[in-house]
Amino acid sequence: MTDFPKFVEFREEGPREGFQIESKTYPIEQRIELIDMLSDTGLKRIQVGSFVSPRYVPQMADTGELFQRIKRKPGVKYTSLWLNEKGFRKALTAHEVDIDPRLLFYPSEAFAQANNNCSSAEMRERQREWVRLYKEAGYTVDAAYVMTAFGCNLQGPIPQEQVLNDFRFVLQLCEEEDIPVPILVIADTMGWGNPEAVKRMVGALRELAPGARIGMHLHDTRGLGIANIHAALSMGVDMFESSVAGLGGCPFAGHGNARAAGNVCTEDAVFLCHELGIETGIDLDKLIAAAVKAEEIIGAPLMGRVMHSGGLDKFRKAK
């Protein structure tokens, strides 16, 4: 038996996660054009860039200018990423950033050190401060992410119980701070997941937090991204983070080939949902056009499939 949701929300991360992994910095005019095209697809949340150290991620150094120059569409949230209080303060003072309060957890000790320069335990404790920081600024936590939920290139397999312990900490923290439970996001940061592992993880998390909304951040590193989306859909998951044309990946994940780290492809996942009769509110043809634009900007073939083949509607109409 499957439990497909009736509607699925896609949160687009290509403009941030897609370009941060590339070795070069692409002209801001081209990235603005891509964001403006994505704004017209029906997506309701687009991650424009990140407020992080330009020393380590120079590709995101002009994020503040991006927020000044994009064309905003009513009903669309334009968000950013930050990893420390300095980045959060920059986001607060930048031009019309839609603040997206999140908590981050790392069951992989090695990845915590590589991505945040701290231990997993230190990262946990920092989240207490983040909750209070968000409260002081007038925000409530939107989502809590547990990274490397299925495995880590830097450390190896990650036991499911270790991942669930981080989610238990989230639930306990919410109770202590008297805040609503945020979206609980299972993040396959390095593409170790498979459909059965996804089902087991989602099932275990539902038992742990029956009333919580569950989301997934999936990577298509080894070609199982869409299969993992299908598995998650069958378990009722209704929020996914994805990247147009399959752009992106974490630059600190230790992949031999950075391009192979790509996030699950938005238009492929949207196509899957539509074929299953699941609504997304997204115009697939416009999304495909944005994917083609992304490939044009990168100047190399990208990993999306539907962007190259198109959807099926035109063929169905032809008959």
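Which residue stands opposite phenylalanine 10 in strand 10? The points below take up that pairing and then the rest of the chain.

1. Basis of the note. This is a predicted model, in which local features need pLDDT of at least 70 and side-chain atom pairs count only at pLDDT 80 or more, while totals for chains, interfaces and linings use all residues. Residues are numbered from 1 along each chain as its sequence is written, and side-chain values use heavy atoms, with hydrogens and water left out.

2. Overall form. The secondary structure of the chain comes to 13 helices and 10 strands, where helices (H or I, at least four residues) and strands (E, at least two) are DSSP runs numbered from the N terminus. The radius of gyration is 18 Å, close to the 20 Å that the globule rule gives for 319 residues, so the chain is as compact as a globular protein of that length; the radius is taken over C-alpha atoms, and the rule is 2.2 Å times the number of residues to the power 0.38. Along its principal axes the C-alpha trace spans about 60 × 50 × 40 Å.

3. Of the 319 residues, 56% count as buried (buried means under 20% relative accessible area, exposed over 50%, and partly exposed in between, with a 1.4 Å probe and protein chains only). Among contacts (heavy atoms within 4.5 Å) between residues at least 6 apart in sequence, 74% join residues at least 24 apart.

4. Strand 1 and its partner. The residue opposite phenylalanine 10 is phenylalanine 240, in strand 10. Strand 1 (residues 9–12) and strand 10 (residues 239–242) pair in the parallel sense over 4 bridges, pairing being counted if DSSP finds at least two bridges between two strands. Both faces of strand 1 are covered, with Glu9 and Arg11 buried on one side and Phe10 and Glu12 buried on the other.

5. Helix 10. In helix 10 (residues 266–275), 7 of the 10 residues are buried, so this helix is largely enclosed by the rest of the structure. The buried residues are Thr266, Glu267, Asp268, Ala269, Val270, Leu272 and Cys273, and what covers them includes strand 1, strand 10, helix 9 (225–234), helix 11 (284–298) and helix 12 (306–309). Just after helix 10, glycine 277 takes a positive phi of about 80°.

6. Strand 8 pairs in the parallel sense with strand 5 (residues 143–146) over 4 bridges, and isoleucine 183 is the bridge partner of alanine 143. Strand 8 also runs parallel to strand 9 (residues 214–218), to which 5 bridges join it, with valine 185 standing opposite glycine 215.

7. Most residues other than glycine have a negative phi.
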